[in-house]
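Colleague: Please take a close look at the aromatic side chains in this model, and describe them in the setting of the whole chain. I would like the terms and their cut-offs stated as you go.

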Amino acid sequence: MAEKDPEGIIATDPSNNDDRKCLIIRKLLKFNPKEVFTWQLVKTVAMGQGLAALICGTAVTSQYLASDYHVDAPMLQSFMSYTLLCLTYTTALLFRTGDENMFPILKKRWWKYLLLGLVDVEANYTVVKAYQYTTLTSIQLLDCFVIPVLMILSCWFLKTCYRPVHYVSVCVCLLGVGAMVGADLLAGRDLGSTSDILLGDGLVLLSASLYAVSNVCQEYTVKHLSRVEFLGMVGLFGTLISGIQLGVLEHNNMANIQWDWRIGLLFAGYALCMYTLYSCMPIVVKKTSATAVNLSLLTADLLSLFCGLFLFQYTFSGLYMVSLVIILVGFVAFNTVATIPDPADPIAPSVGWEEGGYDNPDDIIEEVVVAVLEEEEGEHTGVSWNQRTQNKEVPAEGRSTKM
């Protein structure tokens with residue numbers, strides 16, 4: 001028999017179907033849109049779409065280079081981007097003092113950043129190479145493989161705890177990608193090659209897996225160490241690796257380029273878009289997560305298509321708008337509910353207590369316990385535990401992971 005709770009409301013028995021329905025209705029009646037659609041959520045969506053716009057810029061410039069000027073030098077494009085990162089962020093590390101200087105960092109973690117740079121360079125190279133063997137449709141579909149791989153790696157290494165709404169949101173976003181692919185097929189945009197589809201699809205899956213590894217490393221680094229360290233080390237090793245690969249694989253392609261100011265401008269536009277993307281992405285990753293960022297980037301292909309309607313005379317389909325809305329709905333739903341840390345390992349997903357502004361490690365554990373309890377009560381909807389702990393002030397003389 002149901003009893004009254006202290007507020008005089010009839011308590012429900014979760015094992016009873018009728019009581020369960022009453023509980024759901026009560027929660028729906030207590031739903032407050034202002035608790036979900038917060039200013040933080042609006043900023044998250046805006047920043048994610050800003051990153052998608054930058055990827056759109058790289059796609060448009062690459063399309064012009066390939067279609068109008070017949071330039072086939074993807075590694076040269078990557079080399080220019082990594083060089084810009086090296087000139088700015090690696091140089092910034094040189095002028096830092098103490099453990100934040102480049103040489104102590106290299107002494108401690110050089111081989112880790114070497115592997116990270118290799119993973120990042122090859123992730124960019126393999127997906128471009130895949131266009132020579134398979135179709136655009138296959139690449140768009142298989143490139144989404146990065147999201148499940150990223151979620152698995154985040155659960156494993158970052159101790160991220162996803163809720164059912166997150167998995168549903170990811171499925172909604174992938175449904176939007178399916179609508180986009182369907183629109184491409186109806187519009188006759190199944191571009192690319194079919195010379196070796198199996199090899200091309202394998203390259204796409206390999207690229208997605210490498211991107212997932214790179215993004216997880218990025219999230220860990222910017223939340224535990226610093227954004228400048230990540231970008232400086234990726235710029236340094238990315239420049240070295242892409243430079244070697246450029247000399248080995250693309251020296252003939254570079255010699256065949258008929259340089260003029262238009263080609264130079266397109267190369268510069270691509271490099272600046274990619275440089276800005278690399279510079280801004282860690283900021284968004286730190287405020288959200290690598291998974292959330294990759295969901296927002298699903299709209300990049302759609303933005304490129306909308307640009308192509310005016311620049312390359314693509315055929316418009318109403319499914320493109322449907323796809324955009326579906327992806328954005330899934331992305332918003334993913335970010336409205338927080339991913340909380342694993343209670344068995346509370347410190348791992350966030351910044352370390354020494355870098356988070358806590359005087360005592362017990363303070364951060366207490367913060368975790370309070371946060372988890374509040375999440376269970378439905379408070380702080382749409383704000384993750386990482387976001388709340390990162391709002392703590394960091395002493396000016398210490399290393400800060402706040403952007």
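Modeller: Accessible areas here come from the Shrake-Rupley method with a 1.4 Å probe, and for residues only the protein chains shown count as cover. On that basis the protein chain exposes about 19,900 Å², of which carbon and sulfur atoms supply 65%. This is a predicted model, in which local features need pLDDT of at least 70 and side-chain atom pairs count only at pLDDT 80 or more, while totals for chains, interfaces and linings use all residues. Residues are numbered from 1 along each chain as its sequence is written, and side-chain values use heavy atoms, with hydrogens and water left out.

The mean pLDDT (the predictor's confidence in each residue, from 0 to 100) is 76 for the protein chain, and 71% of its residues reach 70 or more. Where pLDDT is low, the predicted coordinates should not be read in detail.

The protein chain has 17 helices and two strands, taken as DSSP runs (helices H or I of at least four residues, strands E of at least two, numbered from the N terminus). Of its 403 residues, 48% count as buried, which means under 20% relative accessible area, with exposed over 50% and partly exposed in between (1.4 Å probe, protein chains only). Among contacts between residues at least 6 apart in sequence, 83% join residues at least 24 apart.

Turning to the aromatic side chains, a search of the whole structure finds six pairs, where rings of Phe, Tyr and Trp (its six-membered ring) pair if their centres lie within 6.5 Å, and planes under 30 degrees apart count as stacked, over 60 as edge-to-face and the rest as tilted.

Tyr162 and Phe334 form another tilted pair, with a centre-to-centre distance of 6.2 Å and 50 degrees between the planes. Because Tyr162 lies in the loop between β1 and α8 (164-186) and Phe334 in helix α15 (residues 318-336), the pair ties together parts that are 172 residues apart in sequence. Both Tyr162 and Phe334 are buried, and together with Tyr167 they form one aromatic cluster.

Helix α5 (residues 102-130) holds Trp111, which is partly exposed at a relative accessible area of 44%. Trp111 belongs to a nonpolar surface patch of about 490 Å², made with Trp110, Leu114, Leu115 and Leu118. Further along helix α5, Thr126 is buried at 8% and touches Leu203, Leu206 and Ser207, not counting residues up to four places away in sequence. Lys129, also in helix α5, counts as partly exposed at 26% relative accessibility, and its C-alpha atom is separated by 8.5 Å from that of Pro74, 55 residues apart along the chain.

Terms used
Contact means heavy atoms within 4.5 Å. Patches are made of residues with over 30% relative accessible area and no salt bridge: like charges are joined within 9 Å, nonpolar side chains (Val, Leu, Ile, Met, Phe, Trp, Tyr) within 5 Å. A salt bridge is a side-chain nitrogen of Lys or Arg within 4 Å of a carboxyl oxygen of Asp or Glu.
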